[in-house]
Amino acid sequence: MGVAAAGNHYFPYISETAVPRAACGPGDLAERGIQGDVSAEDRNSGRSRRGYNCNITELGNVRGTGGGIVSVTSDHCSYTSSFFPASAVAARRGVQIVDAANPRRPKIVGSLDAPAMIGGTWESLKVNHKRKLLAATSVPFLWGGGFFAVYDVSDCAHPKLLNTGAGTAWPLPFTSHEGGFSPDGRTYWASGVFPGHLTAIDVSHPQNPTVIWSGLHSFLGHGFGISPDGNRMFLSNMAGITVLDISAVQRRAPYPQVSTIAAYLWPDGQLNQHSIQVSYHGRRHLFSLDEAGSGGVKVFDIERLDAPKLLTSIKLEINLPKNQDTLLRSSAGGSLFGSNPHYCAVDRPTDPTALACGWESSGIRVFDVHDLGKIREIGYYNPPAQKNATIAQLPNSPHVAASIIGMPVLEFLSLGMSIANGKVSLPKMLGPRSGMLVGGDMATDWCFSPPEFHGSQLWTTCADGGFMALQLSPSVYTPPADQASTHGSD
């Protein structure tokens with residue numbers, strides 16, 4: 001699909017093919033329209049409050065006050081990201097601790113209330129499994145910084161705050177929207193959004209985190225993925241990724257410099273969210289996903305960073321250019337987001353067999369990726385909609401907070417491209433919810449968090465539904481013996 005010259009690499013190809021649908025089992029509540037769509041009629045009739053599932057069932061759930069934005073797991077626990085200002089005024093302030101030792105009966109057992117956790121963690125809450133560290137920055141709304149917390153989660157249900165001084169008693173010099181660890185857990189990187197500020201925080205000694213590098217590397221910065229050796233970062237930008245050489249920081253050079261190796265850019269998909277480097281048969285590949293613009297998940301061969309190859313795009317039918325009119329019709333009244341991937345995880349970084357994604361209003365989607373030439377969907381779980389939940393009931397749900405806006409404004413760029421290319425029909429854009437320009441509802445959930453593999457289970461949160469332990473059918477997934485779930489910055 002294209003190899004570009006060294007430097008800036010532009011991939012004009014826009015996929016118009018969806019991955020094959022999952023073959024659902026008896027008793028599943030399958031989607032009734034095109035793949036990934038929750039129709040306006042299902043939203044209005046109340047059908048969406050029953051949810052949809054295919055080869056995935058729910059074992060247990062604890063809603064709490066909402067699921068935040070990006071939540072993470074460690075051992076038998078899950079940590080629910082905080083959303084400001086609810087995180088400062090709720091009965092349990094900050095990040096909620098969910099004990100899922102019994103996944104059929106998960107329960108909230110405590111909270112983390114360092115300033116960074118109370119300030120709203122947005123997409124910065126991450127766990128490094130190697131060192132058993134949990135960290136986050138304070139992001140009150142889209143952009144923040146200063147406060148940074150590191151916890152020891154060796155006893156996952158009883159985390160211990162390590163940095164009571166720097167980052168907690170007084171702020172550090174950084175800004176952030178998102179963040180994550182280097183694979184060895186010695187560096188926490190804080191990124192985004194405007195003006196593309198990136199900071200490296202040394203957590204070799206987590207009791208005393210120290211900023212060791214800071215700089216600007218794009219107009220916008222968002223999430224990222226880091227190579228297993230810690231030397232390369234794939235930093236999200238507006239419509240693609242910027243590949244950075246972070247090896248000087250990784251090896252702790254006295255005066256580290258971070259240089260740009262290349263940029264990969266494409267026209268479909270805006271607001272690239274994050275990337276996951278994996279390998280197939282010893283050859284480096286990258287999954288990179290867009291949280292808006294119906295770009296889906298792009299798959300690159302990056303064995304040569306200066307000559308990347310776009311191999312394929314993972315899209316649902318709702319993401320295809322010809323279906324952007326249906327997407328607008330269905331998503332009206334659901335607020336900012338439509339149906340795009342937000343955070344994904346693979347079941348192992350070497351020769352992965354499955355990719356699981358939070359796909360916004362399309363729920364949790366799982367794909368067989370053992371053969372990149374034959375990627376297919378194997379299951380999905382779209383949780384029952386809460387419909388008319390209020391901010392008083394779910395103060396930690398960004399979906400409830402955003403429902404003052406009715407229209408899915410983050411889908412307008414992809415819709416505009418489809419209109420310009422003659423792919424859509426104006427009459428098909430209109431439906432029974434088109435007048436909901438303001439005052440949206442919760443007729444679908446927003447699933448943002450990476451669904452993390454725990455054997456044949458997926459643990460994740462959705463904005464309205466909270467924490468969920470999900471069971472994959474053995475007919476579609478067998479956990480590999482060396483399963484090691486990762487989303488690329490953990």
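**Cysteines and their bonds**

Author: Cys-447 is buried, its relative accessible area being 0%, where buried means under 20%, exposed over 50% and partly exposed in between, with a 1.4 Å probe and protein chains only. This is a predicted model, in which local features need pLDDT of at least 70 and side-chain atom pairs count only at pLDDT 80 or more, while totals for chains, interfaces and linings use all residues. Residues are numbered from 1 along each chain as its sequence is written, and side-chain values use heavy atoms, with hydrogens and water left out.

Reader: Which residue does Cys-447 join in a disulfide?

Author: Cys-447 is joined to Cys-462, S to S 2.1 Å, a disulfide being a pair of cysteine sulfur atoms within 2.5 Å. The torsion about their S-S bond is about 100 degrees, so this disulfide is right-handed.

Reader: And Cys-462, buried or exposed?

Author: Cys-462 counts as buried, at 0% relative accessibility.

Reader: What about Cys-24 and Cys-54, what is the torsion about their S-S bond?

Author: For Cys-24 and Cys-54 the torsion is about -110 degrees, so the disulfide is left-handed. Cys-24 is partly exposed, with a relative accessible area of 34%, whereas Cys-54 is buried at 0%.

Reader: How far apart are the sulfur atoms of Cys-344 and Cys-357?

Author: They are 2.1 Å apart, in a disulfide.
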